[in-house]
Each structure stands twice: as structure tokens, then as C-alpha cells.
Amino acid sequence: MSVELNHTIVLARDNRESAEFLAHVLGLETGPEWGPFVPLTLSNDVTLDFATVDHEVPLQHYAFLISEEEFDQVFRRVQDAGITYFADPHGKRPGEINHNDGGRGMYFHDPAGHGMEVITRPYGSGGS
């Protein structure tokens with residue numbers, strides 16, 4: 001059996017603002033608006049479909065596995081934009097990155113308050 005995640009809906013206060021924020025940070029481009037969605041397609045063809053809602057947006061967490069080179073680029077864009085970042089998901093280590101599993105990672109929030117994470121090594125993959 002082959003099962004792959006194809007897309008998921010990301011609730012936002014403003015679908016365009018949230019999609020473009022994440023696209024900028026990750027170095028991607030949003031796709032054309034499709035109905036109520038602003039899509040952002042990742043390199044593995046999973047699409048995040050950002051949708052505007054008129055109610056409180058429940059916090060979600062999205063983690064992105066990127067290369068070391070991509071991390072340098074993402075980290076630079078986060079710093080240049082003045083986005084607060086953390087080494088931990090609880091926000092107790094602001095202005096730091098982590099080195100979990102011998103890689104690098106950081107957390108930040110998008111305009112809707114979702115917890116975004118970028119990592120260069122999957123959790124449990126080893127390393128010091």
C-alpha cells in the first residue's frame with residue numbers, strides 16, 4: 001500500500017498574508033488562488049492550502065525538513081525580517097537555534113500564530 005499526504009488546510013486570519021509569509025521564509029512561491037485557498041506546494045508535492053476563517057484560529061504545528069544549505073538561507077531570511085525564533089517549542093530559548101540529532105533547527109510563529117519549525121535532521125536520526 002502506498003499512502004502519501006497530498007494536501008492539508010491551514011487556517012489563517014488572512015490566507016494571503018500567511019501563505020506569503022511562509023513562502024518568503026522558506027524561499028518558495030505561492031500558487032494561484034483556488035477557490036478560498038492560497039496554495040503553497042512543498043518540494044515533495046504536498047500542498048498547504050491556506051484558508052481565511054472568521055473565527056479564532058486554533059494553534060497548529062508544522063515542521064519542515066530542509067538541507068543545511070537551505071537552513072542557512074531560511075535562517076538569514078528570518079533574521080532579516082526580524083522574526084522572533086526559538087531553539088525550543090516552548091519559546092524558552094529565544095534567539096537561539098538547536099542542534100538536535102546533530103543537525104540544526106528553530107521554531108517561529110506565522111501571522112496566524114501557528115508554530116512553524118525547520119529542521120535539518122529528522123528527530124531520532126542520531127547525532128550528538
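Trainee: Which residues lie nearest the centre of the largest pocket?
Mentor: Leu42, Ser43, Phe64, Leu65 and Ile66 do, out of 19 lining residues. This is a predicted model: local features need pLDDT of at least 70, side-chain atom pairs count only at pLDDT 80 or more, and totals for chains, interfaces and linings use all residues. Residues are numbered from 1 along each chain as its sequence is written, and side-chain values use heavy atoms, with hydrogens and water left out.

Trainee: What counts as a pocket?
Mentor: On a 1 Å grid over the protein atoms alone, a pocket is an open set of points where a 1.4 Å probe fits, with protein on both sides within 12 Å along at least five of seven lines. Lining residues have an atom within 4 Å of a point.

Trainee: How much space lies in the largest pocket?
Mentor: About 420 Å³. That volume is the space filled by probe spheres set on the points, which are joined across faces, edges and corners.

Trainee: Which helix and strand each supply at least two residues of its lining?
Mentor: Strand E4 (61-65) and helix H2 (68-80). Helices (H or I, at least four residues) and strands (E, at least two) are DSSP runs, numbered from the N terminus.

Trainee: And what is the lining by class?
Mentor: Twelve nonpolar, five polar and two charged residues. Ala, Val, Leu, Ile, Met, Phe, Trp, Tyr, Cys and Pro count as nonpolar; Asp, Glu, Lys and Arg as charged; the others, Gly among them, as polar.

Trainee: New topic. What is the order of the open sheet of three strands?
Mentor: E1-E3-E2, with mixed pairing. Two strands pair if DSSP finds at least two bridges between them.

Trainee: Why is one side of E1 and of E2 left without a neighbour?
Mentor: Strand E1 (7-12) and strand E2 (37-41) stand at the edges, each with a single partner strand, so one side of each has no neighbour in the sheet. The twist averages 25° from one strand to the next.

Trainee: In which sense do E1 and E3 pair?
Mentor: Parallel, over six bridges, with E3 at residues 47-52. Val10 stands opposite Phe50 in E3.

Trainee: Where is Ala19, and is it buried or exposed?
Mentor: Ala19 sits in helix H1 (residues 15-26). Ala19 is buried, at 0% relative accessible area. Buried means under 20%, exposed over 50%, partly exposed in between (1.4 Å probe, protein chains only).

Trainee: What is Ala19 in contact with?
Mentor: Beyond its neighbours within four places in sequence, Ala19 contacts Thr30, Val38, Leu40 and Phe50. Contact means heavy atoms within 4.5 Å.

Trainee: What about the sheet of four strands?
Mentor: That open sheet runs E4-E7-E6-E5, with mixed pairing. E4 and strand E5 (85-86) stand at the edges, each with a single partner strand, so one side of each lacks a neighbour in the sheet.

Trainee: How many bridges join E6 to E7?
Mentor: Five join strand E6 (residues 105-109) to strand E7 (residues 115-119), and the two run antiparallel. Met106 has Val118 in E7 as its bridge partner.

Trainee: Last one. Asp45 and Asp101: buried or exposed?
Mentor: Asp45 counts as exposed, at 57% relative accessibility. Asp101 is buried, at 17%. Asp45 lies in the loop between E2 and E3, and Asp101 in the loop between E5 and E6.

Trainee: What is phi for each?
Mentor: Phi is near 70° for Asp45, a positive value in a residue other than glycine. For Asp101, phi is near 55°, a positive value too.

Methods: Axes are lines fitted to C-alpha atoms, for helices over the stretch in contact, and angles run from 0 to 180 degrees between N-to-C directions.
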